[in-house]
Amino acid sequence: MAWRTVTIVPAIVAFTTGAIVIRFSKDCPRGYYKDLKKTGEMPEISAAASFRGGAVDFNTWLLFIQYACCFGVELTVNNAAVSYFVKRFELTIESASAIASIFGFMNLFARGLGGYSSDKANGKLKMRGRILVQAALLILEGICIFIFAEMGNLAASVVMLTIFSIFVQGAEGSTYGIVPYVNRVSPGAVAGIVGAGGPTGAVCFGLIFRSLPEDPEKAFRIMAGVVLGSGLACLLFNIKGHRGLVFGKDTADA
């Protein structure tokens with residue numbers, strides 16, 4: 001009964017938020033879609049064409065992988081942290097659950113902080129700034145996972161879990177700081193595909209933990225290596241009209 005009734009809360013919140021968005025917000029920063037289509041600023045495009053536009057862009061899939069390495073990592077840790085603390089430090093499930101909840105609490109500010117940092121960097125270095133913030137957060141996240149896996153002291157492990165969580169969720173915010181620039185014609189398709197990277201990453205990392213039930217430290221190390229690789233992959237961004245770390249150049253129309 002508790003599981004069934006608790007879903008009423010997010011249902012009410014989601015419905016209320018949707019009504020507020022429809023009533024008080026614009027469709028995008030430039031205004032309403034219907035007005036933009038009348039003036040020719042926004043081309044008419046079918047849902048299928050929009051999806052194709054996002055799906056064929058290399059940058060979309062690069063962000064897909066990077067979102068798998070931040071939001072996917074968050075979902076994985078939410079699932080694995082309790083059993084990890086119980087096994088590694090011989091805690092009760094109640095104590096381990098309380099400690100693991102710290103990871104989720106960082107969402108209160110860390111994700112927004114990642115997006116804010118991306119915006120500030122954009123003001124100084126344009127798209128290169130956003131990509132540098134993305135790379136830094138993912139690389140620091142990977143390093144923190146490596147360190148967390150080696151912690152043998154409970155207090156130090158909790159501190160590292162907290163720091164690690166800030167970088168994970170900050171990378172989630174910085175990812176969506178880049179998403180709107182990938183394809184101006186198909187922003188919804190890009191956002192949808194990138195968002196799917198989160199649960200996809202959680203499934204893949206979850207399978208790694210499942211295959212190593214007696215050695216979760218090794219599973220964390222593998223995950224850390226993948227995250228580090230995704231951070232270094234920021235060198236590959238090539239967004240039209242924007243200068244990346246290696247490719248592309250800024251243009252006036254972008």
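**Figure 1. Surroundings of Thr 60 in the predicted model.** In this predicted model, Thr 60 touches Gly 54, Val 182, Val 190, Ile 193 and Val 194, when residues up to four places away in sequence are not counted. Thr 60 itself is placed in helix 5, which covers residues 58–68. With a relative accessible area of 0%, Thr 60 is buried, because a residue is called buried when this value is under 20%.

**Figure 2. Packing of helix 7 against helix 10.** The axes of helix 7 and helix 10 lie 8 Å apart, and the two helices pack at an angle of about 25 degrees. Helix 7 is therefore roughly parallel to helix 10, since angles under 35 degrees count as roughly parallel. The crossing in which helix 7 passes helix 10 is right-handed. From helix 7, the contact is made by Ile 99, Ala 100, Ile 102 and Phe 103. From helix 10, the residues that make the contact are Leu 154, Val 158, Leu 161, Thr 162, Phe 164, Ser 165, Val 168 and Gln 169. Sorted by class, this contact of helix 7 with helix 10 has nine nonpolar and three polar residues, and no charged residues.

**Figure 3. Packing of helix 6 against helix 12.** The axes of helix 6 and helix 12, the latter formed by residues 216–232, come within 11 Å and cross at roughly 155 degrees. Helix 6 and helix 12 are therefore roughly antiparallel to each other, since angles over 145 degrees count as roughly antiparallel. The crossing of these two helices is left-handed. On the side of helix 6, Val 73, Thr 76, Val 77, Tyr 84, Lys 87 and Arg 88 make the contact, while on the side of helix 12 the contact is made by Pro 216, Glu 217, Phe 220, Met 223 and Val 227. By class, the contact of helix 6 with helix 12 has seven nonpolar residues, one polar residue and three charged residues.

Figure 4. Six salt bridges are found in a search of the whole structure, and one of the pairs that form a salt bridge is Arg 111 with Glu 172, whose closest N and O atoms are 2.6 Å apart. Arg 111 lies in helix 8, whereas Glu 172 lies in helix 10 (residues 154–182), so the pair ties together parts that are 61 residues apart in sequence. Arg 111 counts as partly exposed, at 30% relative accessibility, whereas Glu 172 is buried, with a relative accessible area of 2%. Glu 74 joins the picture as well, because Glu 74, Arg 111 and Glu 172 are linked in a network of salt bridges.

**Figure 5. The salt bridge between Asp 119 and Arg 130.** The side chains of Asp 119 and Arg 130 meet in a salt bridge, with an N to O distance of 2.9 Å. The pair links distant parts of the chain, with Asp 119 in helix 8 and Arg 130 in helix 9, eleven residues apart. Asp 119 is partly exposed, with a relative accessible area of 44%, whereas Arg 130 counts as buried, at 4% relative accessibility.

**Figure 6. The salt bridge between Arg 221 and Glu 150.** The side chains of Arg 221 and Glu 150 meet in a salt bridge, at 2.7 Å from N to O. Since Arg 221 lies in helix 12 and Glu 150 in helix 9, this pair ties together parts that are 71 residues apart in sequence. Arg 221 counts as partly exposed, at 32% relative accessibility, and Glu 150 likewise counts as partly exposed, at 47% relative accessibility.

Figure 7. Glu 90 lies in the loop between helix 6 (71–89) and helix 7 (93–105), and the phi of Glu 90 is near 55 degrees, a positive value in a residue other than glycine. At 73% relative accessibility, Glu 90 counts as exposed, because exposed residues are those over 50%. Lys 126 is placed in the loop between helix 8 (110–125) and helix 9 (127–150), and the phi of Lys 126 is near 60 degrees, again a positive value in a residue other than glycine.

Notes. Residues are numbered from 1 along each chain as its sequence is written. This is a predicted model: local features need pLDDT of at least 70, side-chain atom pairs count only at pLDDT 80 or more; totals for chains, interfaces and linings use all residues. Side-chain values use heavy atoms; hydrogens and water are left out. Helices (H or I, at least four residues) and strands (E, at least two) are DSSP runs, numbered from the N terminus. Buried means under 20% relative accessible area, exposed over 50%, partly exposed in between (1.4 Å probe, protein chains only). Axes are lines fitted to C-alpha atoms, for helices over the stretch in contact, and angles run from 0 to 180 degrees between N-to-C directions. Angles under 35 degrees count as roughly parallel, over 145 as roughly antiparallel, 65 to 115 as roughly perpendicular and the rest as oblique. A crossing is left-handed if the near helix is turned anticlockwise from the far one by less than a right angle, and right-handed if clockwise. Contact means heavy atoms within 4.5 Å. Ala, Val, Leu, Ile, Met, Phe, Trp, Tyr, Cys and Pro count as nonpolar, Asp, Glu, Lys and Arg as charged, and the others, Gly among them, as polar. A salt bridge is a side-chain nitrogen of Lys or Arg within 4 Å of a carboxyl oxygen of Asp or Glu.
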